[in-house]
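Visitor: Hi, I'm new to this one. Can you walk me through what we're looking at?
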Amino acid sequence: MRKITEIIVHCTATPAGRPVSVADVDAWHRARGFSGIGYHYLVGLDGAVGAGRPERMAGAHCRGRNATSVGVCYVGGIDADGSPADTRTAAQRAALDRLLRRLTARYPGARIRGHCDFAAKSCPCFDATAEYRHLCAGC
């Protein structure tokens with residue numbers, strides 16, 4: 001069993017409203033040389049949570065953090081002008097909250113962070129650490 005210390009939130013960096021599936025992300029990641037989708041979960045526009053890489057396996061979503069983290073990604077993150085933006089739908093916000101509650105219960109003490117906390121990126125295009133601080137001890 002992996003020791004999970006972080007739950008890292010990402011976005012697909014796709015335009016608001018554009019549907020993206022687990023299969024789409026899997027294909028993108030394979031094209032980049034990964035063995036498959038790097039995220040453990042993908043939250044669709046309608047709030048449906050798709051399973052990606054099994055949690056028992058290290059992710060491929062945040063360099064230097066994959067062995068001890070779970071990667072959660074929501075579809076979107078780019079506005080109509082092509083700029084980074086928090087494009088989460090109401091359904092995605094609710095689904096992310098539910099998913100992160102389940103994950104923090106499963107991994108007590110795990111910190112919720114945004115990808116931007118570890119890389120020079122805008123991803124997930126909102127301050128995940130601040131928004132979900134109430135869900136985890138030590139955040």
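This is a predicted model: local features need pLDDT of at least 70, side-chain atom pairs count only at pLDDT 80 or more; totals for chains, interfaces and linings use all residues.

Visitor: What does the C-alpha trace span along its principal axes?
Guide: The span is about 40 × 35 × 30 Å.

Visitor: How much of the chain is buried?
Guide: Buried residues are 48% of the 139.

Visitor: And the contacts, what share joins residues 24 or more positions apart?
Guide: Counting contacts with a separation of 6 or more, 64% are between residues 24 or more positions apart.

Visitor: OK, secondary structure. How many helices and strands?
Guide: The chain has three helices and seven strands. Along the sequence they come as β-β-α-β-β-β-β-α-β-α.

Visitor: Which strands make up the open sheet?
Guide: Five strands do, in the order β4-β3-β5-β1-β7, with mixed pairing. At the edges sit β4 and β7 (111-114), each pairing on one side only. From one strand to the next, the twist averages 25°.

Visitor: How do β1 and β7 run, parallel or antiparallel?
Guide: Parallel. Four bridges join β1 (residues 6-11) to β7. For example, V9 has G114 in β7 as its bridge partner.

Visitor: What holds strands together in general?
Guide: Strands of a sheet pair through backbone hydrogen bonds.

Visitor: Switching topic. Which residues touch the most other members of the largest nonpolar core?
Guide: That core has 24 residues, and V72, L100, L103, I112 and Y132 touch the most other members. At least two residues come from each of β1, β3 (41-43), β5 and α2. The largest share is from α2, with five residues.

Visitor: What does V72 contact, leaving aside its neighbours within four places in sequence?
Guide: V72 touches I7, I8, V9, H10, Y41, L96, L99, L100 and L103.

Visitor: Now charges. How many salt bridges are there?
Guide: The count is eight. Side chains of opposite charge can pair when their charged atoms come close.

Visitor: Give me one. What does E55 pair with?
Guide: E55 forms a salt bridge with R106, and the closest N and O atoms are 2.5 Å apart. E55 is in the loop between β4 (49-51) and β5 (69-74), while R106 is in helix α2 (residues 90-106), so the bridge ties together parts 51 residues apart in sequence.

Visitor: Is E55 buried or exposed, and why?
Guide: E55 counts as buried because its relative accessibility is 15%, and the cut-off is under 20%. R106 is partly exposed, at 43%.

Visitor: What about D97, which residue does it bridge to?
Guide: To R101, with the closest N and O atoms 2.7 Å apart. Both lie in helix α2, four residues apart, which is about one turn of the helix. R101 is partly exposed at 43% relative accessibility, and D97 is partly exposed at 21%.

Visitor: And R113, what does its side chain meet?
Guide: R113 meets D117 in a salt bridge, 3.3 Å from N to O. R113 is buried, with a relative accessible area of 18%. D117 is partly exposed, at 32%.

Visitor: Last one. Which residues are linked in a network of salt bridges?
Guide: D86, R88, R93 and E131 are.

Technical notes:
Residues are numbered from 1 along each chain as its sequence is written. Side-chain values use heavy atoms; hydrogens and water are left out. A salt bridge is a side-chain nitrogen of Lys or Arg within 4 Å of a carboxyl oxygen of Asp or Glu. Buried means under 20% relative accessible area, exposed over 50%, partly exposed in between (1.4 Å probe, protein chains only). Two strands pair if DSSP finds at least two bridges between them. Axes are lines fitted to C-alpha atoms, for helices over the stretch in contact, and angles run from 0 to 180 degrees between N-to-C directions. A nonpolar core is a set of buried Ala, Val, Leu, Ile, Met, Phe, Trp, Tyr and Cys residues joined through side-chain atoms within 4.5 Å. Contact means heavy atoms within 4.5 Å.
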